[in-house]
Amino acid sequence: MPKGKEQSHKRAEPTVQKPITNWFANSSSREAAATSSSEPTLAGIFGIDPEVLRDKFDLEPCWRYDPNQRENLAFLSPTVLLADLKIRDGGPKDKGPKEILSRVARDVLDPKQTKHYERYFFFQVPELPSTHMGYGLTSENKKHKMAITVEEAKLWSGYLDLAKRKTSGEVLHESGTSEEPMEVIYPTPKDTQAFEFEKGDAEELIDPKKSGLKRPVKGSYLIFFSILLMFYQKKLCGREDSRSEGTQIGPNKISDFLIFWILPYLLNFTQRKVNDITSHHKRISEEKGERGFKFPIIQKSAMEIIETAFHFSKTPLQISGLIRRKFKEYYGKACDKKFNLPQTEKGTPILLVPRSYQVTDMPLELEDLGSRWRDIGDVTLMDHFIEKFVKSEEIQRDFFASFEHVEKRFGVDYGIILPDQETFSEVIEQVESDFPSTFEQVQEQGQDLLSPRLGLVKHSERNRSVCFSYFPGYDQEHTDFYASQQPSTSASGRPQMKKGNPEKDELEKLADDIDPRVWKKVARKLKIDDPKITAIDKENEEFSEKKYKMLQEWKQKNGRAASWEKLYQALVDAHLRELAEKHCCEEMN
């Protein structure tokens, strides 16, 4: 689980850390206490067991809905820009939150849709203090005001519009330059050869001329990338111990922006959960022959909630006018549809969000994505990164394509971090040997090019997802390291390294001597990637063939560079020095 970002839920109630073996044993008393607590947690409001609410209904049971609570306890994760399956119903037909947010991005960047000064209005949304999502009315950043100021809106817009980012005082890319216009071919959603980030209709995709990129990109992906850039800028400024831009945008403001523009979907999700929980109570009451539990419900439409926010925040007419017009353009009749929502003791509606979409911090960093960081280099200024990014179609394709794998890295119950890649490989190999098909490999990406494994641990009551990863190290392919590992020369009575490259019959002899239990370790030391190792393993039944095909793959992949010296070093790194000297060194006379 790279950098521990997969999940960052933070429960409101103080907890005492317990050994994992005691978790299940002590769960009943803990859940009973949470349910009977007088504090307005979601479990208490719904009158339902916390574990049931968490596992069956995918809701976080312990968020408090206390009007006196002063801090936000939950935010809507930006990953909803990439994966919105759980909340897709509630808006226009065949459209989900990602498509709506893509339209927002398109309208921000398209001068035909929006006047230049109006582009900032899309970000200047009002807070929704009347709708609780794990925070109270008196929360510090829920004081009936604009969620994002004009300065913050301009900052965010600058990261979205890469065409206007500057370096060395010059505009990188702007319409009207002498650069030849590029013909853009938009892939259709059914185009199997296209990447996911560039498939969609005209309302979703951003024209490269508008974004400053080399390829058409979904607007939702571009918004997600702009968020990563803002937080990357903060990190770069911290690294140099310099003062960052005076205006910054935190996770809570990003959450407010996302909640606002996809509000109908969240209201529909909330109503579905209300109906499901009502049915659950009805079934329980019928089984026990008792009166069922009822929780208070209030009816509200998205437009009613938004108009209330406009009123209390004193939103300027220009901003409220544009937002109201765009909202109706995006959602049509869904704006005025009323939903049944749970309410607090104060009569304010509660907004529900799937547990996997709730975080308390940014769940991902820019450095966790992409596999071409060597091409980018060790940048210390944001403009340097963006300059390399906007000029390279390969880097852009690599980063945006990596977004497709982000969803697999979230919603993990437990993370196990091993000390190094060798230990990681040994553990994974052993588990895969004992329990086939347990793990799903996540594509290598990020500055450290980690390739974690996601596994499913089955339990009689509830399955648990577990992520295995390791602390990254560095390649040690340095001349002095090789020298220290070389066998002694004949002058000291030890054999010399063979010259040239191993032949077919020599690889066959070596394969026969490799212990079947360690052939995968040898393959990894030879820098054969895991997908290829898996393919070799599946395509060959006999271990003798697995081992030989592995060595053959290494030779074919490296050509003349597949030297005895490299093979020797790989065997030594796999703790097979005796085997290395037997096969890779000249025999003594």
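## Two crossing helices

H5 and H9 are roughly perpendicular to each other. In this predicted model, helix H5 covers residues 97–109 and helix H9 covers residues 251–261. They pack at an angle of about 110 degrees. That angle falls in the range from 65 to 115 degrees, so the pair counts as roughly perpendicular. The two axes are 10 Å apart.

Which residues make the contact? From H5 come Ile 100, Leu 101 and Val 104. From H9 come Phe 257, Leu 258 and Trp 261. The residues of this contact divide into 6 nonpolar, no polar and no charged.

## Phe 122, a loop residue

Phe 122 lies in the loop between H5 and helix H6, which spans 150–160. Is Phe 122 buried or exposed? Its relative accessible area is 0%. Buried means under 20%, so Phe 122 is buried.

Phe 122 and Phe 257 are 135 residues apart in sequence. In space, their C-alpha atoms are 8.8 Å apart.

## Gly 91, another loop residue

Gly 91 is found in the loop between strand S1 (75–76) and H5. Its relative accessibility is 26%, and it counts as partly exposed. Gly 91 touches Tyr 265 and Tyr 331, not counting residues up to four places away in sequence. Gly 91 and Tyr 330 are 239 residues apart along the chain. Their C-alpha atoms are separated by 8.5 Å.

## The nonpolar cores

In soluble globular proteins, nonpolar side chains tend to be buried together. Here, the largest nonpolar core has 102 residues. Those with the most contacts inside this core are Trp 156, Phe 225, Trp 261, Phe 327, Phe 385, Phe 389 and Phe 399. Which helix gives the most to this core? Helix H8 (residues 219–239) does, with 12 residues. The core also draws at least three residues from each of domain 1 (251–349) and domain 2 (379–484).

Take Phe 385 as an example. Not counting residues up to four places away in sequence, Phe 385 touches Phe 225, Leu 229, Tyr 232, Leu 366, Trp 373, Ile 376, Val 379 and Phe 399. A second, separate core has 30 residues. It includes Ala 511, Val 518, Val 522 and Ala 574.

## Two positive phi angles

Lys 527 is not a glycine, yet it has a positive phi of about 65 degrees. Its place is in the loop between helix H19 (519–525) and helix H20 (530–539). Lys 527 is partly exposed, with a relative accessible area of 43%.

His 575 has a positive phi too, near 65 degrees, and is a residue other than glycine. Where is His 575? It sits in the loop between helix H22 (564–573) and helix H23 (577–584). His 575 has a relative accessible area of 57%. Exposed means over 50%, so His 575 is exposed.

## The whole chain

The chain has 589 residues, and buried residues make up 49% of them. There are 23 helices and 12 strands. Now take contacts between residues at least 6 apart in sequence. Of these, 72% join residues at least 24 apart.

Definitions and conventions:
Residues are numbered from 1 along each chain as its sequence is written. This is a predicted model: local features need pLDDT of at least 70, side-chain atom pairs count only at pLDDT 80 or more; totals for chains, interfaces and linings use all residues. Side-chain values use heavy atoms; hydrogens and water are left out. Axes are lines fitted to C-alpha atoms, for helices over the stretch in contact, and angles run from 0 to 180 degrees between N-to-C directions. Helices (H or I, at least four residues) and strands (E, at least two) are DSSP runs, numbered from the N terminus. Angles under 35 degrees count as roughly parallel, over 145 as roughly antiparallel, 65 to 115 as roughly perpendicular and the rest as oblique. Contact means heavy atoms within 4.5 Å. Ala, Val, Leu, Ile, Met, Phe, Trp, Tyr, Cys and Pro count as nonpolar, Asp, Glu, Lys and Arg as charged, and the others, Gly among them, as polar. A nonpolar core is a set of buried Ala, Val, Leu, Ile, Met, Phe, Trp, Tyr and Cys residues joined through side-chain atoms within 4.5 Å. Buried means under 20% relative accessible area, exposed over 50%, partly exposed in between (1.4 Å probe, protein chains only). Domain bounds come from an automatic or database domain assignment.
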